[in-house]
Amino acid sequence: MLLVLLALWGGLIPFVGPYFDFGFGSSDAWVYSNAKLVLSVLPAIAVGLGGLMLMATANRPVAHFGGWLAAAGGLWFVVGNTLAALWNMGVGTPLGGEARQVAERLSFFEGLGAIMVLLAALALGRFLVVGVRESRRADLRRRAAEGRAADERVTDERAGGADDSEATAVPAQRKRGHFHLGRQKERHTTSRRG
């Protein structure tokens, strides 16, 4: 949920920020540019889709993909503005004074992206580890499947003409060997005293 909200912030703030004199380049709201598309809108879409996938799925591979998609979008918020200078693209200079410029850079790009990467990494970590509940559920499902298979074998034996005494007989005990409950069985030997 937080990833989706942060994605909305990251995708919309370049367009609505100028209403509050909070932005980059032009102080006009809803001004589109390729730089805003590449540096804000596209990574916000990636983070938003990743966040929705994480929220909506119970399938681990889909959740992994959503987590990595959100992490990649967040990473682009962090490094995209720096790399955009290599192809002469940028969002312009921040509006306002020095402290405000730092706040704008952090809330538009680097800080926002770092929080997105953190949340995506937390979600990935959650889906990479099999929890106790999931392990117990899988164990219960396995036991239920084994029970059904045993019931089917008994039903097949009865239908195959076996008499009832065989079908209800107590199964043979396993051979335990020399060790039982962690102790070695004592061997009774007689010693000769002279």
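Is Leu-2 buried or exposed? In this predicted model, Leu-2 counts as exposed, at 54% relative accessibility. The cut-off for that class is over 50%. Leu-2 lies in helix α1, which spans residues 2–16. In sequence, Leu-2 and Gly-51 stand 49 residues apart. In space, their C-alpha atoms are 7.9 Å apart.

The overall make-up of the chain comes next. The chain holds 7 helices and 2 strands. Read from the N terminus, the order of elements is α-α-α-α-α-α-α-β-β. The chain has 194 residues, and 29% of them count as buried. Among contacts between residues at least 6 apart in sequence, 71% join residues at least 24 apart.

Helix α1 packs against helix α5. Their axes come within 10 Å and cross at roughly 160 degrees. Angles over 145 degrees count as roughly antiparallel, and α1 and α5 are therefore roughly antiparallel to each other. The crossing of α1 and α5 is left-handed. On the α1 side, the contact is made by Leu-2, Leu-3, Leu-6, Ala-7, Trp-9 and Gly-10. On the α5 side, Leu-112, Ile-115, Met-116, Leu-119 and Ala-120 take part. Leu-2, exposed as noted above, is thus among the residues of this contact. By class, the residues of the α1–α5 contact comprise 10 nonpolar, 1 polar and no charged.

Helix α5 also meets helix α3. Helix α3 covers residues 60–84, and helix α5 covers residues 110–128. The two axes come within 7 Å and cross at roughly 160 degrees. That angle makes α3 roughly antiparallel to α5. The crossing of α3 and α5 is left-handed. Helix α3 contributes Arg-60, Ala-63, His-64, Gly-67, Trp-68, Ala-70, Ala-71, Gly-74, Leu-75, Phe-77 and Val-78 to the contact. Helix α5 contributes Glu-110, Leu-112, Gly-113, Ala-114, Met-116, Val-117, Ala-120, Leu-124, Arg-126, Phe-127 and Leu-128. The residues of the α3–α5 contact divide into 15 nonpolar, 4 polar and 3 charged.

The axes of α2 and α3 are 7 Å apart, and the helices pack at an angle of about 160 degrees. Helices α2 and α3 are therefore roughly antiparallel to each other. Their crossing is left-handed. The residues of the α2–α3 contact divide into 17 nonpolar, 9 polar and no charged.

Ser-40 sits in α2, which runs over residues 34–56. The relative accessible area of Ser-40 is 1%. Buried means under 20%, so Ser-40 is buried. Neighbours within four places in sequence are left aside here. Beyond them, Ser-40 is in contact with Gly-10, Gly-11, Pro-14, Ala-35, Phe-77 and Phe-109.

Note on methods: Residues are numbered from 1 along each chain as its sequence is written. This is a predicted model: local features need pLDDT of at least 70, side-chain atom pairs count only at pLDDT 80 or more; totals for chains, interfaces and linings use all residues. Side-chain values use heavy atoms; hydrogens and water are left out. Axes are lines fitted to C-alpha atoms, for helices over the stretch in contact, and angles run from 0 to 180 degrees between N-to-C directions. Helices (H or I, at least four residues) and strands (E, at least two) are DSSP runs, numbered from the N terminus. Angles under 35 degrees count as roughly parallel, over 145 as roughly antiparallel, 65 to 115 as roughly perpendicular and the rest as oblique. A crossing is left-handed if the near helix is turned anticlockwise from the far one by less than a right angle, and right-handed if clockwise. Contact means heavy atoms within 4.5 Å. Ala, Val, Leu, Ile, Met, Phe, Trp, Tyr, Cys and Pro count as nonpolar, Asp, Glu, Lys and Arg as charged, and the others, Gly among them, as polar. Buried means under 20% relative accessible area, exposed over 50%, partly exposed in between (1.4 Å probe, protein chains only).
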